[in-house]
Amino acid sequence: MPVAVSTFRTLSEAARAFESDRAARIYSGGTIVMRDVNEGDVSFNRLIRITDPAYRAVSVGSEIRLGGGVTMGEIAAHRDLAFLAPVARAVGGPQVRTVATVAGNLFAPRPYGEMAAALVALGAVAETAEGRRLPVEELVRGAPRALVAAVAFPRPSGDFRFAKVTRVRPKGAALMSIAALLPRGGSGETRIVFNGMGPHPVRAVAAERALAGRASDPSAIAAAARAAAEGLSPLDDALASAWYRREVAGVHLKRLLESR
Ligand SMILES: Cc1cc2nc3c(=O)[nH]c(=O)nc-3n(C[C@H](O)[C@H](O)[C@H](O)COP(=O)(O)OP(=O)(O)OC[C@H]3O[C@@H](n4cnc5c(N)ncnc54)[C@H](O)[C@@H]3O)c2cc1C
């Protein structure tokens, strides 16, 4: 089936077109959507491209704002986003990172979604072209159809850590990844997010509870590792069984918490 490409110069025009046409998808970096075109996916017949410079803008202050079209390569190279560089560099290889975008990562099917997991840990919100804001934590669970214009989150005052666990080295799809926001000095929210331990990036609430206020205490780390998979429903796929993921989640969380 032919696929039409519509290009819009403003985010609001693109949003109107996307939200009113169920057969349209966004072509952001295209790494997923073009594969679907090539595989003959007939669930859509129109691609929406956005050339609005705001879609590619980065601003860094007390709040960090990334346009939905900012690429992994741009994040990895940005001197004020060094804490996010390991996440961006974990996505695909150099060719993929040159085009793969933040917004596309929020809708990437599992096992993908490293940046989405990091954004949940950072307490990010997704902004629509009309300025509506929705926590990324809710968006990844399946939000109403809307164009994500940007994501925004407070500049982390705590310690942000990230790990991607693969069985094929140096690069391979993650069997899980973990993003953690650990407050400094005991105050502030502890957020531990797994990708691969559910149908979308999920918070490990039991581990967060074990670590609250004492993320560097060895007994709290041991308790968090024991509780890592509590309440989670790991993926069960060709990369790893659900049993294996459940077994190793605590091991990788402990390594991450003990790193540095
Ligand atoms: C070889 C290869 C390796 C990869 N490795 C990884 C990896 O290690 N980790 C990982 O996380 N991903 C990986 N990916 C998947 C993918 O490249 C990334 O997830 C990327 O960030 C997706 O972004 P994109 O801009 O290319 O998405 P696109 O293909 O442009 O879009 C993907 C989906 O998101 C929707 N979408 C895009 N933008 C918006 C928006 N602004 N608002 C609403 N919906 C939107 C589209 O409609 C589409 O359904 C890999 C892909 C390939 C081909």
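User: In which sense do strand β6 and β7 pair, and over how many bridges?

Analyst: This is a predicted model, where local features need pLDDT of at least 70, side-chain atom pairs count only at pLDDT 80 or more, and totals for chains, interfaces and linings use all residues. Residues are numbered from 1 along each chain as its sequence is written, and side-chain values use heavy atoms, with hydrogens and water left out. Now the general idea. Strands of a sheet pair through backbone hydrogen bonds, either parallel or antiparallel. Strands are DSSP runs of E, at least two residues; helices are runs of H or I, at least four; both are numbered from the N terminus. Two strands pair if DSSP finds at least two bridges between them. Here β6 (residues 125-128) pairs with β7 in the antiparallel sense, over 3 bridges. Glu 127 stands opposite Arg 133 in β7.

User: What is the strand order of the open sheet of 5 strands?

Analyst: The order is β4-β5-β8-β6-β7, with antiparallel pairing. At the edges are β4 (58-60) and β7 (133-135), each pairing on one side only. Neighbouring strands are turned by 20 degrees against each other on average, direction ignored. For such angles, axes are lines fitted to C-alpha atoms, for helices over the stretch in contact, and angles run from 0 to 180 degrees between N-to-C directions.

User: Which strands stand at the edges of the open sheet of 4 strands?

Analyst: Its order is β9-β10-β11-β12, again with antiparallel pairing. β9 (159-166) and β12 (202-203) stand at the edges; each has a single partner strand, so one side of each lacks a neighbour in the sheet. Strand β11 (residues 191-195) is joined to β12 by 2 bridges. Phe 194 stands opposite Val 202 in β12.

User: Which residues come nearest to the ligand?

Analyst: A residue is near a molecule if one of its heavy atoms lies within 4 Å of it. Of the 29 residues around the ligand, Gly 29, Thr 31, Thr 101, Gly 113 and Glu 114 come nearest. Domain 1 (4-50) and domain 2 (53-154) each give at least three residues to the shell; the bounds come from an automatic or database domain assignment. α6 gives the largest share, 3 residues.

User: Which polar atoms lie by the ligand, and how much of the ligand is buried?

Analyst: A polar contact is a pair of N or O atoms within 3.5 Å. An N or O atom in the side chain of Glu 114 is 2.5 Å from a ligand nitrogen. A polar backbone atom of Gly 92 is 3.0 Å from a ligand oxygen. For a backbone N or O atom of Ala 90, the distance to an oxygen atom of the ligand is 3.3 Å. Taken alone, the ligand exposes 970 Å², and the protein buries 88% of that. Accessible areas come from the Shrake-Rupley method with a 1.4 Å probe.

Key
Polar contact = N/O pair within 3.5 Å; in protein donor to acceptor, adjacent residues only side chain to side chain.
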